[in-house]
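This report describes the chain shown below, from its surface to its strand pairing and its nonpolar core.

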Amino acid sequence: MKTFILSILLLILYCPAFYGQNNKEENSQFSHYSSSLFNSKETAMSVVSVLDKKEQNELNSKIQPGVQIQQIGDLNKVKANLQSNETKVSVDQKGNVNELLLDKKAKTITQNVVQKGNNNKISDFTLNTNYNVNMEMIQKGDNQNIQNIGTNSLSKNMKITQTGNGASIILINK
């Protein structure tokens, strides 16, 4: 009797898990995203890419030493805790309620951040790395979120581009 009651109880508890996924056949595997970038698997995977040598040199030449912040809009926030031998960071926020949190410790930091739209958020943490970090993060749209944690050989020259509305990217680099 105890096993029957336990079986019934477990069935009731795990019953919602059977209905957790909707297996509808639609034209696109990523159709439930509101972003036009996610129309196909190939496009979705190209959102995060690596800066080539030419792009790295262009990024290094266009950003001046130090931290430059340009904000147009209301309630935009930038919090930057940066430690490096050479720091070149450019932040451009156009819109309202955009937030940027940079906490990095690296050999050199060259980073360009663009947020055009409303309610966008970027959290970028690299607490200790021996790499020269060259990154570019671009958000064009509303309600987008990027979380980048750590830096490794694959992510040290990373470019992230988000367009559309309501997209999120979480990158964990070990």
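## Surface and burial

The model is predicted. Of its 174 residues, 37% count as buried.

## Secondary structure and contact range

The chain contains three helices and eleven strands. Read from the N terminus, the elements follow the order α-α-β-α-β-β-β-β-β-β-β-β-β-β.

Among contacts in the chain with a separation of 6 or more, 34% link residues 24 or more positions apart.

## The parallel sheet

Five strands form an open sheet in the order S3-S5-S7-S9-S11, and their pairing is parallel. Strand S3 (77–83) and S11 each have a single partner strand and stand at the edges, so one side of each has no neighbour in the sheet. From one strand to the next, the twist averages 5 degrees.

Within this sheet, S5 and S7 are joined in the parallel sense by six bridges; here Lys104 stands opposite Thr126 in S7. Strand S7 (residues 121–126) also pairs in the parallel sense with strand S9 (residues 145–149), over five bridges. In this second pairing, Asp124 is placed opposite Asn148 in S9. S9 in turn pairs with S11, again in the parallel sense and over five bridges, and Ile149 lies opposite Ile172 in S11.

## The largest nonpolar core

In soluble globular proteins, nonpolar side chains tend to be buried together. The largest nonpolar core of this chain comprises 16 residues, and those with the most contacts inside it are Leu100, Ile122, Met137 and Ile160. At least two residues of this core come from each of strand S4 (86–94), strand S5 (99–105), strand S6 (108–116), strand S8 (132–142), strand S10 (158–165) and strand S11 (168–172). S8 makes the greatest contribution to this core, with three residues.

## The surroundings of Met137

Met137 is one of the residues with the most contacts inside the core. Which residues is Met137 in contact with, leaving aside its neighbours within four places in sequence? The partners of Met137 are Gln111, Asn112, Val113, Val114, Ile122, Asp124, Ile146, Asn148 and Ile160. Two of these partners, Ile122 and Ile160, are themselves listed with Met137 among the residues with the most contacts inside the core.

Technical notes. Residues are numbered from 1 along each chain as its sequence is written. This is a predicted model: local features need pLDDT of at least 70, side-chain atom pairs count only at pLDDT 80 or more; totals for chains, interfaces and linings use all residues. Side-chain values use heavy atoms; hydrogens and water are left out. A nonpolar core is a set of buried Ala, Val, Leu, Ile, Met, Phe, Trp, Tyr and Cys residues joined through side-chain atoms within 4.5 Å. Buried means under 20% relative accessible area, exposed over 50%, partly exposed in between (1.4 Å probe, protein chains only). Helices (H or I, at least four residues) and strands (E, at least two) are DSSP runs, numbered from the N terminus. Contact means heavy atoms within 4.5 Å. Two strands pair if DSSP finds at least two bridges between them. Axes are lines fitted to C-alpha atoms, for helices over the stretch in contact, and angles run from 0 to 180 degrees between N-to-C directions.
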